[in-house]
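Please read the points below alongside the sequence and the coordinates. They are arranged by topic, so that each may be checked separately.

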Amino acid sequence: MFLVGELGRSMRSDGILGVGGSDQSRATAVVVASRRRWLKRRETWLVVLGVALHAVYMLSIFDIYFKTPIVHGMDPVPPRFSEPPAKRLVLLISDGLRADKFFEPDEEGKYRAPFLRNIIKNQGRWGVSHARPPTESRPGHVAIIAGFYEDPSAVTKGWKANPVEFDSVFNQSRHTFAFGSPDIIPIFCSALPHSTWNSYPHEYEDFATDASFLDEWSFDQFEGLLNRSHADPKLKELLHQDKLVVFLHLLGCDSNGHAHRPYSSIYLNNVKVVDKIAERVYHLLEDYYRDNRTSYIFTADHGMSDKGSHGDGHPTNTDTPLVAWGAGIQYPKPASGNSHSDSVTTFVDKHAHDMPTPYDWGLRRVERVDVNQADIAPLMSTLLGLPCPVNSVGNLPLGYMKLNEAEEVEAVVANTKQILNQLLRKSYIKSSNSLFFKPFKPLVHHSFSLSQIDELISAKSYEAAMKLAVDLRNLSLEGLHYFQTYDWLMLMTVITLGYTGWMIVLALHVLQCYSSLSGDLSKKEHLSVQKKDSGKVYISGCLLMAILSVLNLVEHSPPLYHAYIGMTVFLWTQIFSEYRLIRGLWKYLRERRADYFIKLLFAAAVAVVIVELLVHSFTERKLYTWFFLIAGVVASILLHFSIPWRSGIPVFVCISCWFLSVFTLMPAEIPDNNNLVITSGAIIIVISLAAKWLDTHAEGNKFWQSITFHESRTQMCSMLYCIQIFLVGVSSVMVFLSTKHRTQNQELHSSHQFINWLVAGSSMVLPLFSANGILSRLSSIFLGFAPPFLLLSIGYEAVFYSALAVVLMAWILFENASHHSSKVKESSLSENNTEEHITIGSDERYLQLSDVRIPLVFMVLFNVAFFGTGNFASIASFEISSVYRFITIFSPFLMAALLIFKLFIPFMLVICAFSAITKLVRVPRLGCYFLVILFSDIMTIHFFFLVKNTGSWMEIGNSISHFGIVSAQVVFVLLLFALTNLYTRSIRIKPLSTSPSLKTL
Ligand SMILES: [Zn+2]
Ligand SMILES: [Zn+2]
């Protein structure tokens, strides 16, 4: 700002000294060039700052919501039993087995798991184990075996390695035998010296075949081990010791569920396979030991959604079966009431989908005891007489255990002390670091409660002791939550202030550089005192930052706290250093008349309504339907004023908007419809033919000339066009061929795979060589991305691609019409003083209030590209089967990359159209980008406040992912801008000066 003022003054003084006209224009050119350089530097800096800021603030949710619950340094508390109920324990985890498919009968009325049903009815206990999202394999297994809910950030730290050392039932056992998947077993056993384990190679997990042989593999390994023991006295001795754990991980259901979905015969048959394995394990061990000292637990780590995925909090994912029997486990009881009894009053996520036992399960007469997934860990520990894993937050489910009254109390007391120890440790760590420590008040007198419990036990009043112990346990769990959320208020304030500061910085930048205000302000408000004053502001900002950093250091805060606070202080320092600009702005506003404020208020109101609509659309997709129905009508009425009806454009705009509005009514879970994908190939070709026709026939028309303008039209372009059409046709055929082959042979033909990759890859390069008029380039981009999109499609989203493209065309036509009708205003623009024009390109104009429309429409379209084909807010709703035309081997990273790429394609279209429009109406593209960021940060703040810490975990998870998506949008948009710039960079529009000569063409 200062620099410009200085240069401006020097330029003017040159004028006073009477330098000739040509010199003056040269001086102006110098000023323009240096101002441009300054602007470029400043904008690079703003973009870098924006990306850094969003990355840092997005990380804040890890400090707020995903803080690791693990602390170290607690002593294990073994239960005071005379003899533990069981000598050994068998844990069978059927990966991805959902509760209803396990309990319900098939179409013929036969149950799929006859052996375990027999156990439920005659020998053991059952219930539904409620998993907590993320319902993924690793967190599920950690909850079962270690008793705590791993923070999702641990997942990102790697699946194979164990990112944090944590205690588990296996850890406390004398020896653990574990067999199963290479993704799971090493998490618990690789660092465990007292374990014997094995896992199959990753290649076994090829999901195109029936994966139930993976279950057989685990069983065979264990059977082989027992057989070997007859010849190996050492192994035999080991097997006859107490506190042994046998863990068989059965991956079949998970793999088959992903590949064939849980309604397929392959998945359902796999349920029979795991039941058979449970039966064989049972008989094998009972024959081997013949001492009735083995307990068995059968459960699953998570369920499987109807689409063959898991991860979110849908009941199909969270509800898993639990069956326990053998030593130390109660026999079945008749159900007491209509409903089942819960061993704990509330479930971890307090979810509402805790359903009554369905009638067709045929288990209403047998008492059902539901547990939270982490409760299984203390259950296993107590059965073996081991201390609960030190980080466990599970409540011992007494409903499963056969203990006398004294043992019951001892077991619960051990469980309580273990949880209390965690709390005390957390409290200690916090208090030793904080300057102003606020303890968890309800548990200040915990030692008194503990001695009271001991007294009651020695007085044999077990009931009272039990009640006290349970109360103490609940309070301890509350206390853990208290310390988990200790820093929330401070962090939330800092981050909200940070986002607001960033938005103000952006708004000031746009006003200063891209609006007509910039000329006014830079003329009046440039004095050399500014430098000295802003120096003061910077110094005080630095001081404040230093003080806060020292405070953070003293409190041993996590390193990112420095970043959050530093970023916020920096932004506000930046704002205060511009206080002259703000004052100038204020002055400027005071001089305006009332109608200016009415216009301003109206624009602000429209912006807020649209942004709020976008916020709500994250939970309610149907809003888009309404939006486009109304937008179609409104836009065509507005168009009516600038161009006549008979041009057909208003009708086209209206119909295309209505067409797009259909898609947000369709189910978010895309149903398979191969024919639709194939037909949409034809639709794409028809649309491009129409565009081509328009491109060649409308050149003489004045209205169309800015869209159809070409610098050159060569033979190559029309050949390229034919190739593109051909590729779209090929991809349509390939969709048909490879799907047909796959359904017949359960595999992807390798030649199909090769052609698919080739077609998708090559077609994306072609648009780069197309003619550089707006219409021809955009339709070439549309054709270029069609093959990969079609090949990645499974249903109606293929048609959505065309619908979106048509609406984008309508948007361009709309902007072209309003631009066309405001030509008069624009021609006066070129007469403006060049000095005011120094910030932006010569063929660009300043942003006006009405230009806010462009970023707002862009945001709506960008988000509809997001939500039009499903609810991408939950990662689990990605349709895995859409990558089957490209890969067969299960490789999560490549699959995720392909899915994300598919998600990107509609965005690319929207951004290409946006770039074209900014060129068409000659507004600065970066200015518009900053406005987009400004508006999406209103959404970010809104979502930051919408993030929940109560309610069902599904709501919490969704609210967090919404926040994440909007924060990431800023970076996404920027990234896509850079990517699409490859395609749109060379788009040329009709230069302003050549407009008269064009008439002669
Ligand atoms: Zn799993
Ligand atoms: Zn899975």
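1. The model is a predicted one, and the values quoted here should be read accordingly.

2. The structure holds 19 salt bridges, and one of them joins Arg 174 to Asp 242, with a distance of 2.7 Å from N to O. This pair links distant parts of the chain, 68 residues apart: Arg 174 sits in the loop between helix H7 (169-172) and strand S3 (175-180), while Asp 242 sits in the loop between helix H10 (233-239) and strand S5 (244-250). Asp 242 counts as partly exposed because its relative accessibility is 26%, and Arg 174, at 38%, also counts as partly exposed.

3. A second salt bridge is formed by the side chains of Glu 410 and Arg 80, at 2.8 Å from N to O. Here too distant parts of the chain are linked, since Glu 410 belongs to helix H15 (residues 405-433) and Arg 80 to the loop between helix H2 (21-64) and strand S1 (88-94), the two being 330 residues apart. Glu 410 is buried, with a relative accessible area of 13%, whereas Arg 80 counts as partly exposed at 46%.

4. Which residues are joined into one network by salt bridges that share partners? They are Arg 80, Glu 410 and Asp 454. A further salt bridge is found between Glu 104 and Lys 101, whose closest N and O atoms are 3.1 Å apart, and both Glu 104 and Lys 101 are buried.

5. Helix H11 (residues 252-260) is largely enclosed by the rest of the structure, because nine of its nine residues are buried. Among these buried residues are Cys 253, Asp 254, His 258 and His 260. The elements against which the buried residues of H11 pack are S1, helix H9 (212-229), S5 and helix H12 (265-289).

6. Most residues other than glycine have a negative phi, and two positions deserve a check on that account. His 556 lies in the loop between helix H20 (529-554) and helix H21 (559-577), and with a relative accessible area of 55% it is exposed.

7. How many disulfides does the structure hold? The number is zero. Cys 657 counts as buried, at 8% relative accessibility, whereas Cys 722 is partly exposed, with a relative accessible area of 49%.

8. A nonpolar surface patch of about 910 Å² is made by a set of residues including Trp 626, Leu 629, Ile 630, Phe 641 and Trp 658. Helix H24 (residues 622-642) gives the most to this patch, contributing eight residues, and Ile 630 is found in that helix.

Technical notes
Residues numbered from 1 in each chain as written. Chains lettered and ligands numbered in written order. Predicted model: local features only at pLDDT ≥ 70, side-chain atom pairs only at ≥ 80, totals over all residues. Heavy atoms only, no water. Patch = residues over 30% accessible without salt bridge, like charges linked within 9 Å, V, L, I, M, F, W, Y side chains within 5 Å. Areas by Shrake-Rupley, 256 points an atom, 1.4 Å probe, with all protein chains shown as cover. Salt bridge = Lys/Arg side-chain N within 4 Å of Asp/Glu carboxyl O. Helix = DSSP H or I, 4+ residues; strand = E, 2+ residues; numbered from the N terminus. Disulfide = S-S within 2.5 Å. Buried < 20%, exposed > 50% of the residue type's maximum accessible area, 1.4 Å probe, protein only. Contact = heavy atoms within 4.5 Å.
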